[in-house]
Amino acid sequence: MIISGLIGLYASFVLSIEAWVLASNANASFGCDVNSVISCSAVAQTPQAQVLGFPNAFLGIFFETVVLAVSVAIFAGVRFPRWYMLCVELLYTIGLGFALWLFFQSYFVIRVLCPWCLLITATTTLVWAGLTRINIREGNLPAPTWLRRIVEQGLDWAFTGLFLFILLAMLVARYGVTLLS
């Protein structure tokens, strides 16, 4: 969670800086503007990039900072109250839902991909999976016996990997070689 949180925070900062650059120069282009399919600036100029009236990257900074604080504390041995961990779970579930909504908007509606946004989708998925795993393991989230057993055996990571593989397969199926050119 710490590594994914750091990567997500870095990507959010990059996207935030790019949002400021675009605000001052709508014709700006970025290093991630590779072709007609991979273009951060094209995605950043859509309404989906500012759902709440400000760049979504600012939300990323908020969500990633929260998860980093919690992750470092857990790594240091802090045990948070159940209510707190459930609030963090809810907050990050909203964050995951938002990241996936943005992925599907980019895939189905905008039809242009932002590599930083894709990275945030992947890291948010990994952080959510890790957080959910901790909450199930510690009994914060009620889970049936079969799900607890899956978590105890570490098989939940296989499902997370499969989910990310499906997202990647969707990208390759739609854009194929264009992703590399």
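**Reading a helical model, feature by feature**

Modeller: Start with Arg111, which counts as partly exposed at 47% relative accessibility. Keep in mind that this is a predicted model.

Biologist: Where is Arg111 found?

Modeller: In the loop between α4 and α5.

Biologist: How do I read the backbone there? What is the general idea for phi?

Modeller: Most residues other than glycine have a negative phi. Now the case here. Arg111 is not a glycine, yet its phi is positive, at about 60°.

Biologist: What does Cys114 touch, beyond residues up to four places away in sequence?

Modeller: Leu15, Cys40 and Val43. Look at Cys40 in particular. Cys114 and Cys40 are 74 residues apart along the chain, but their C-alpha atoms are separated by 4.5 Å.

Biologist: Now a helix residue. Where does Val109 sit, and what is its relative accessible area?

Modeller: Val109 is in helix α4. Its relative accessible area is 49%, so Val109 is partly exposed. Leaving aside neighbours within four places in sequence, Val109 is in contact with Gln48 and Phe104. Gln48 is 61 residues from Val109 in sequence; in space the two are 9.8 Å apart, C-alpha to C-alpha.

Biologist: And Met170: buried or exposed?

Modeller: Met170 is buried, because its relative accessible area is 18%. Its place is in helix α7.

Biologist: Which residues does Met170 touch, not counting those up to four places away in sequence?

Modeller: Phe103, Phe104, Tyr107 and Phe108. Phe104 has come up already, as a contact of Val109. Compare Met170 with Ala122. These two are 48 residues apart in sequence and 14 Å apart in space, C-alpha to C-alpha.

Biologist: On to helix pairs. How are two packed helices described?

Modeller: By the angle between their axes and the distance between the axes. The crossing of α3 past α4 is left-handed.

Biologist: Which residues make the contact?

Modeller: On α3, they include Asn56, Leu59, Phe62 and Phe63. On α4, they include Tyr84, Met85, Val88 and Leu91. By class, the contact residues divide into 14 nonpolar, two polar and one charged.

Biologist: Next, open spaces. What volume does the largest pocket have, and how many residues line it?

Modeller: The volume is about 660 Å³. The lining has 37 residues. Leu15, Asn56, Ala57, Leu102 and Cys117 lie nearest the centre of this pocket. Leu15 is also a contact of Cys114.

Biologist: Which elements give two or more residues to that lining?

Modeller: α1 (2-24), α2 (40-44), α3 (56-75), α4 (82-110) and α5 (115-137). α4 gives the most, with eight residues. The lining divides into 25 nonpolar, ten polar and two charged residues.

Biologist: What about the second largest pocket: what are its volume and its lining?

Modeller: Its volume is about 320 Å³. It is lined by 16 residues, and Trp128, Ala129, Asp156, Phe159 and Thr160 lie nearest its centre. At least two lining residues come from each of α4, α5, α6 (145-152) and α7 (156-175). α5 supplies the largest share, six residues. By class there are eleven nonpolar, three polar and two charged.

Biologist: A cavity is read another way, I take it. What sets it apart from a pocket?

Modeller: A probe fits in a cavity but cannot get out, while a pocket is open. This structure holds one cavity of 30 Å³ or more. The largest cavity has a volume of about 40 Å³.

Biologist: Which residues line the largest cavity?

Modeller: Ile74, Val78, Arg79, Phe80, Met85, Ile134 and Glu138. That makes five nonpolar, no polar and two charged residues.

Conventions:
Residues numbered from 1 in each chain as written. Predicted model: local features only at pLDDT ≥ 70, side-chain atom pairs only at ≥ 80, totals over all residues. Heavy atoms only, no water. 1 Å grid on protein atoms, 1.4 Å probe; cavity = no way out; pocket = protein on both sides within 12 Å on 5 of 7 lines; lining within 4 Å. Points joined across faces, edges and corners; volume = space filled by probe spheres on them. Helix = DSSP H or I, 4+ residues; strand = E, 2+ residues; numbered from the N terminus. Nonpolar A, V, L, I, M, F, W, Y, C, P; charged D, E, K, R; others polar. Left-handed = near helix turned anticlockwise from the far one by under 90°. Contact = heavy atoms within 4.5 Å. Buried < 20%, exposed > 50% of the residue type's maximum accessible area, 1.4 Å probe, protein only.
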